Amino acid sequence: MTSLYSGTAVVPGIGVGPAVRPAPRPTAPENEPAGDPSATTVAFGSAAAEVARRLRARSDAASGAASEVLAATAALAEDRGLATFVTKHAAAGSGPATATSKAIDELAAMFTAAGGLMAERVTDLYDVRDRIVAELLHLPEPGIPVPDEPVVLLAEDLAPADTAGLDPTKIVAIATELGGSTSHTAIIARQLGIPCVVAVTNLKEVPAGGRVAVDGTSGNVTVDPDEDEINALIEQDRRSRAAAEGWTGPGRTSDGHSIEILANVQDGPGARVAAEQPIQGVGLFRTELLFLERTTEPTVDEQVELYSAVFEALDGKKVIVRTLDAGSDKPLAFATQPDEPNPALGVRGLRIGLADPGILDRQLDGIAAARERTNADVRVMAPMVTTEAEAQWFAERVRARGMRAGIMIETPSTVLLADRLFRHLDFVSIGTNDLSQYTFAADRMAPTLSNLTDPWQPALLASIKLVADAGRRAGKPVGICGEAAAHPLLACVLTGLGVTSLSCAATAVRAVGARISQVTLAQCEEAAAAALEATDNLTAAKAAKDVLQ
Ligand SMILES: C=C(OP(=O)(O)O)C(=O)O
Ligand SMILES: [Mg+2]
């Protein structure tokens, strides 16, 4: 019998197939019998070799960062220090699974004490432990299975290591119980172009094996779906995908109103991938993501290299660089204040530059030098600004280096001050992920509050309209670079609210551009007016859909 679950739709598209769930993590048996020490060592050796072989095969089949993560994890399984510790515990009488667990605990303590990059590998060590213990106990490999046929992945939530190397031809849709529209799962699914619904209530009731349809446009997860209804949705999805594939830009409505379609990037390789899409430039270059693993501040020369790689990839198209948004969910060891009780409301973004202007100045020097080297069209914006004086202070520093200056609108205070901020700035870009968090007093990572941080909330749309109106009065651009810009239907509403550019993950660009090209500006404005009048996020999305379909 058909049953329906619903959650927050984050990556549009439909995926149907048998449901699979990640295999649970094993635990070493409590009273594992002591074995012959040399047999224990041999059993460990062959289990570790098998785990490494599988990880290496997946690494060979993957590419880029995913391939590197998997290869590094494979190397840990065959680490000589690990084998030495296992031999020691085997000699002291532990059985193979127990010796493995104890050895990993010891190694993890050493990694933690070393700090920095070593400490960050502790999660991978535990992942290796679980895989070896499962192999020793003849249990299924933990984590996401590698299926032979296309499947729908259901999970409580997905860890970064789980998602490295996910194959979109095998995992045709994802639904999770936790997560919100800006959570890690949503971002990875969007990058991979896998239809995805998060924060699905009661998803744990859905067993593995049954046929499940995940609709990343409506947020519905249907168990044993009606075949006719699903075929109609699949056909609609096929048409949307065909339209997206055929879209070549630039961004404009069917009656010729221009709206720039830009990409969000975080490094040179990502920028090269983005540049293959029909984008008009980069609307958000998240520089802090280059330095998440650094314990010390990168030198200006290092920064010049990294920024130049992005600028060169864009080959003359505009790039909006965001200065370090360190702190809160993106701590940087060399910039973030330690032990803040409430980091989302703490010293993050521009506040770090205000406390230590040297960090900001060195970054601006690096951006300016990379711009000079590559002759790119570079503009610079600051994250987490709250006052007019801060905006002015930042703009002066950017302009002193010959570049155009803007800020992100991520706090309610900047919405209220939008007209005055344009006195000092050349542009603004609305970060809907944080603007939702701060407008609704709701943690953007909290799955239980994802209805409040849903960008369809009318109060968020009203804030966007206030800023877009201020931009129109000042004759200056207002972009959106939060996850809201990646949703094709919402993108039409944002166009109707009067923003001038939309910047999203490169994989979402075509679907957004194609959807906007199918509607007139008047339809976008009507949909925006209907959504603004709605009483909550769900009715806003429905009202817009009724106008636009
Ligand atoms: C784009 C944004 O910035 P980030 O997601 O990096 O905080 C945002 O807040 O919307
Ligand atoms: Mg933000």
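Alanine 441 sits in the loop that runs between H17 and helix H18 (458–474), where helices (H or I, at least four residues) and strands (E, at least two) are DSSP runs numbered from the N terminus. This is a predicted model, in which local features need pLDDT of at least 70 and side-chain atom pairs count only at pLDDT 80 or more, while totals for chains, interfaces and linings use all residues. Residues are numbered from 1 along each chain as its sequence is written, chains are lettered from A and ligands numbered from 1 in the order in which they are written, and side-chain values use heavy atoms, with hydrogens and water left out.

**Backbone details in the loops**

- Alanine 441 has a positive phi of about 50° although it is not a glycine, and with a relative accessible area of 74% this residue is exposed (buried means under 20% relative accessible area, exposed over 50%, and partly exposed in between, with a 1.4 Å probe and protein chains only).
- Aspartate 315, found in the loop between H11 and E11, likewise is not a glycine but has a positive phi of about 50°, and its relative accessible area of 69% makes it exposed.
- The peptide bond that leads from glycine 249 to proline 250 is cis, with omega near -5°, and proline 250 belongs to the loop between helix H9 (227–246) and strand E9 (260–265).
- Glutamate 30 is found in the loop between strand E3 (14–20) and helix H1 (37–61), and is exposed, with a relative accessible area of 79%.
- Although glutamate 30 and alanine 97 are 67 residues apart along the chain, their C-alpha atoms are separated by 9.8 Å.

**The surroundings of ligand 1**

- Ligand 1 is surrounded by 15 residues, of which the closest are Arg286, Arg322, Lys330, Gly431 and Asn433; a residue is near a molecule or strand if one of its heavy atoms lies within 4 Å of it.
- A polar side-chain atom of arginine 286 lies 2.7 Å from an oxygen atom of ligand 1, and for a polar side-chain atom of arginine 322 the distance to an oxygen atom of the ligand is 2.8 Å.
- From the backbone, an N or O atom of glycine 431 lies 3.3 Å from an oxygen atom of ligand 1.
- Of the 290 Å² of accessible area that ligand 1 has on its own, the protein covers 99%, with areas taken from the Shrake-Rupley method with a 1.4 Å probe and, for residues, only the protein chains shown counting as cover.
- Strand E10 (281–286) and helix H17 (432–439) are the elements that give two or more residues to this shell, and H17 gives the most, with three residues.
- By class, the shell has three nonpolar, four polar and eight charged residues, where Ala, Val, Leu, Ile, Met, Phe, Trp, Tyr, Cys and Pro count as nonpolar, Asp, Glu, Lys and Arg as charged, and the others, Gly among them, as polar.

**Aromatic pairs**

- A search of the whole structure finds two aromatic pairs; rings of Phe, Tyr and Trp (its six-membered ring) pair if their centres lie within 6.5 Å, and planes under 30 degrees apart count as stacked, over 60 as edge-to-face and the rest as tilted.
- The rings of phenylalanine 285 and tyrosine 307 have centres 5.9 Å apart and planes at 85°, so this pair is edge-to-face.
- Because phenylalanine 285 lies in strand E10 and tyrosine 307 in helix H11 (residues 300–314), the pair ties together parts that are 22 residues apart in sequence, and both residues are buried.
- Phenylalanine 291 and phenylalanine 334 also form an edge-to-face pair, with 6.4 Å from centre to centre and 75° between the planes.
- Phenylalanine 291 is in the loop between E10 and H11 and phenylalanine 334 in the loop between strand E11 (318–322) and helix H12 (350–355), so parts that are 43 residues apart in sequence are tied together by the pair.
- Phenylalanine 291 counts as buried at 1% relative accessibility, and phenylalanine 334 is buried with a relative accessible area of 17%.

**A buried arginine and its contact**

- Arginine 348, found in the loop between E11 and H12, is buried, with a relative accessible area of 0%.
- The side chain of arginine 348 makes a polar contact with the side chain of aspartate 434 (3.1 Å); such a contact is a pair of N or O atoms within 3.5 Å, and within protein one must be able to donate a hydrogen and the other to accept it, while residues adjacent in sequence count only if both atoms are side-chain atoms.
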